[in-house]
Amino acid sequence: MQVSLSTKSIHGVTRIGADPEGVLGESVYGITVDAETFYGRNALEGCGEKGFDADAVAAQFSAFVQDCVRSGVRIHAMRMPRLRWDTKRTDLRELLLRFGREGIEACAGAGCHFVVMQPLFAGIAREQLWRENRRYYAALGRMAQRAGVKILLENQCGHVNGHFVRGVCADAAVAAAWIDALNAEAGAETFGFCLDTGAGNLCRQDMGEMAVTLGSRLKAVLVRECDGVREASRLPFTGRTAAGQDADWPGLIRGLRKSAFDGILILDAGDTLRGFSHLLRPQVQSLVCAVAEYFRWQIGMEWCLRAYPSRVLFGAGNMCRQYLARYGEAFPPLFICDNDRERWGTEVCGVEVRPPEALRELPEDCVVMICNTFYEETAEQLRELGVRQIGAFSDECL
């Protein structure tokens, strides 16, 4: 799984060419270039009016991508310009096609393999949506296939009388059918899906179930927090309202585990970042990275367990019991360790508890999974005992 930050979430992102390491930091594996970094959806609403220059925006986008390539910044995906969900513009299809072609070309030049393109919806009757989008994506798919780039569709909200409703590709089964049909016509896996958690939350959808339904078609997940009422791109776990309408992050993580998700996890916390003084944004940036790592850790919990042929649990408390209840059968531990002398020689769910000294004779391919909240202190103790393979278990999504 790749962890990626949307350019909307990176403080000082326009300085990448001058100081890529200082902007991105060592903990970020790559970025997703979002066109809204350069201009928002409102700009497209003003297309044709004074102040909108598509050529200038395209040049800025291209220059930024080239700057990233020269700086050695890895681009995981590109997210192309999008119309507002309440747009009245029905005359921008050719412009969107142009942006799509430019995005595919930019991906090819940057060694990037995924471009996210919003489905068509403005001014199209419901019964005509598939036909119009089939034609639109087919025109772009041939170019993408030649360039070795995959086009990712994205779930949308609709907007009716001031309220958000489920829009194009919001139904995962319909989206899956579209992708299968497009790939069948292309004769290759040219199309996939990017799940926008913000849109899913606004439409009160079960994002975990959507992930399961999409299965291997799901190539990217855009992680952003809304409050269930207003469009926003906030840091996860910060969108709770008085009504408690925050996103179901544990449910999403469970769904991504069940679907064996191994794509790109994109963090978009642009609104959170902009809410702070520019003097505090570097510190907020560190938190954004920490949240990204948390999601990667929680989604990939089973991968960590599967990576080692044998394992030992450290800590014989509730977290240990959680592990044994959920993973004990699939990934049984050799034994359990605990610092409490009174537990030595006892059993937890049929597994023997031994003293920490027992860890000095572990097989080389064995990992010790810490099952308590004192990760740093326990890890230091394990290193002093000569343990080389150390993992951390904390399944908050059970």
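Contact here means heavy atoms within 4.5 Å. The model is predicted. By that contact criterion, Ile151 touches Ile104, Val115, Met117, Tyr137, Leu140, Gly141, Ala144, Thr190, Phe191 and Gly192, leaving aside residues up to four places away in sequence. Ile151 is also one of the residues that touch the most other members of the largest nonpolar core.

**Nonpolar cores**
- The largest nonpolar core holds 90 residues.
- Besides Ile151, the residues touching the most other members are Phe61, Ile75, Met78, Phe193, Leu218 and Phe295.
- A second core of 18 residues is separate, with Met301, Tyr323, Ile336 and Val353 among them.

**Helices H8 and H9**
- H8 spans residues 207-214, and H9 spans residues 249-258.
- Their axes come within 7 Å and cross at roughly 15°.
- H8 is therefore roughly parallel to H9, since angles under 35 degrees count as such.
- The crossing of H8 and H9 is right-handed.
- On the H8 side, the contact uses Met207, Gly208, Ala211 and Val212.
- On the H9 side, Gly251, Leu252, Gly255, Leu256 and Lys258 take part.
- The residues of this contact comprise five nonpolar, three polar and one charged.

**Leu235**
- Leu235 sits in the loop between strand S9 (218-223) and H9.
- Its relative accessible area is 2%, so Leu235 is buried.
- Leu235 and Ala269 lie 34 residues apart along the chain, yet their C-alpha atoms are separated by 4.6 Å.
- Leu235 touches Ala269, along with Glu225, Thr272, Leu287, Val288 and Val291, again not counting residues up to four places away in sequence.

Key
Residues are numbered from 1 along each chain as its sequence is written. This is a predicted model: local features need pLDDT of at least 70, side-chain atom pairs count only at pLDDT 80 or more; totals for chains, interfaces and linings use all residues. Side-chain values use heavy atoms; hydrogens and water are left out. A nonpolar core is a set of buried Ala, Val, Leu, Ile, Met, Phe, Trp, Tyr and Cys residues joined through side-chain atoms within 4.5 Å. Buried means under 20% relative accessible area, exposed over 50%, partly exposed in between (1.4 Å probe, protein chains only). Axes are lines fitted to C-alpha atoms, for helices over the stretch in contact, and angles run from 0 to 180 degrees between N-to-C directions. Helices (H or I, at least four residues) and strands (E, at least two) are DSSP runs, numbered from the N terminus. Angles under 35 degrees count as roughly parallel, over 145 as roughly antiparallel, 65 to 115 as roughly perpendicular and the rest as oblique. A crossing is left-handed if the near helix is turned anticlockwise from the far one by less than a right angle, and right-handed if clockwise. Ala, Val, Leu, Ile, Met, Phe, Trp, Tyr, Cys and Pro count as nonpolar, Asp, Glu, Lys and Arg as charged, and the others, Gly among them, as polar.
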